[in-house]
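Work through the following exercises with the coordinates open, and check each step of the solutions against the model.

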Amino acid sequence: MDIRTCEVGVASSHASDPFEAFAQISRSIAPEHLAGAVMFCSHRYDREMLARAARGWSMERFPMIGCTSSGELTEAGYDEDSISLIAFPADSFHMVSHRFDDLAHFDAGAARAAVRDLVARAEVGSERLSIQSLGRKVNHAALFLVDGLSHSEELLAMTVQDALGEIPLVGGSSGDGLMFKETGIYSDGMFHAAGAVVAIVSTTRPLHVFRRQHYKPGAVKMVVTGADAGARRVTEINAEPAAEEYLRLASTVYGGIDMRKPDMALFAACPPMVRAGGDYHVRAVQTAHADGSLTFYCAIDEGIVLTLGEPVDQLESLNATMAEIREAVGEIDHIIAFDCVLNRINAERRQLGRPISEIYRRNGVVGFNTYGEQFHALHVNQTFSGLAIGR
């Protein structure tokens, strides 16, 4: 057996030709003895060609899931126009997956049954890991990838986590840069639009799912007084045009950004937050429209009270996260991370991209910049969430 197959494999490539990209990845990861793999890729790749290259690399020997991104996290930290891949060796991991199609007609009952069957398969398939390790406990975690333009994340996360039982779910919403046109979910050798996939990863190594947001609630509050919940679109805030009122309130609190127009820099720096379950969660703005309305990344409706968030020290927050992860798993092997694209925009605006990339590099972070994150049964925004794997 190739010595490389005994380790969690991480590799990336910037080759524009997908076949060349996977040829480069093969130099670091031998696919012959893997339990599964996860791929994150730039939306700029031709998806049919990339799917063929990925199938050729894996030979469909093991489950491989993935999605398009709004930026990748590789061995270099923040990255783009690349393919980032993490692979699990079969000697210490087991992985099973299930795909959901046609999210517009999602059947929650059928989904629960499918996920419960997946849990049963994971438990049976991972029994050999316990035997091989002389009875050590097998740990499970669920990785979840969903179309970031489907507006289905809340229902899917609740449904899937309910069926998973005690197995924790963590994942991200796929992106297409910042085009908001079409994203792709990779499963069963193909890219799928309007889909989702859940994979259960099993191992005797320590696993830990986590979530961290780099914002705290401030003093400025506002009420959504007009909204199209199905479209996640807010037309009025405080009975005023939504974008205009949002700009006005943000300008009373924040400096250093252009307050004359709503754009990504403003959305990243001034996120609305909502209180739920005793905690505050970001409800991030995606787009401002010519008619003065705002589209959100998360579910939104009339009557919701929003609080403008204030940033905390992002570097301090990330270092604290890594310390908590080490406390949970010991020495970190790798971290599969789902980092909101607005976190990246805000970090780069504040010239923090390089030090954050260094933190990611030191701690073996691999993943992608998302349109939203899923943590247990929640769909959230502007978090750094993920699955940490111990050595």
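A residue is buried when its relative accessible area is under 20%, exposed when this is over 50%, and partly exposed in between, with a 1.4 Å probe and protein chains only. The model is predicted, so local features need pLDDT of at least 70 and side-chain atom pairs count only at pLDDT 80 or more, while totals for chains, interfaces and linings use all residues. Residues are numbered from 1 along each chain as its sequence is written, and side-chain values use heavy atoms, leaving out hydrogens and water.

**Exercise 1.** Determine how many residues of strand S2 are buried, and which strands pair with S2.

*Solution.* Strands (E, at least two residues) and helices (H or I, at least four) are DSSP runs numbered from the N terminus. In strand S2 (residues 34-42), 9 of the 9 residues are buried, so S2 is largely enclosed by the rest of the structure. Pairing requires that DSSP finds at least two bridges between two strands. S2 is joined to strand S6 (residues 83-89) by 7 bridges, and the two run antiparallel; here Gly36 has Phe88 as its bridge partner. To strand S3 (residues 64-69), S2 is joined by 6 bridges in a parallel arrangement, with Ala37 opposite Met64.

**Exercise 2.** State what share of the protein's residues is buried.

*Solution.* Of its 391 residues, 59% count as buried.
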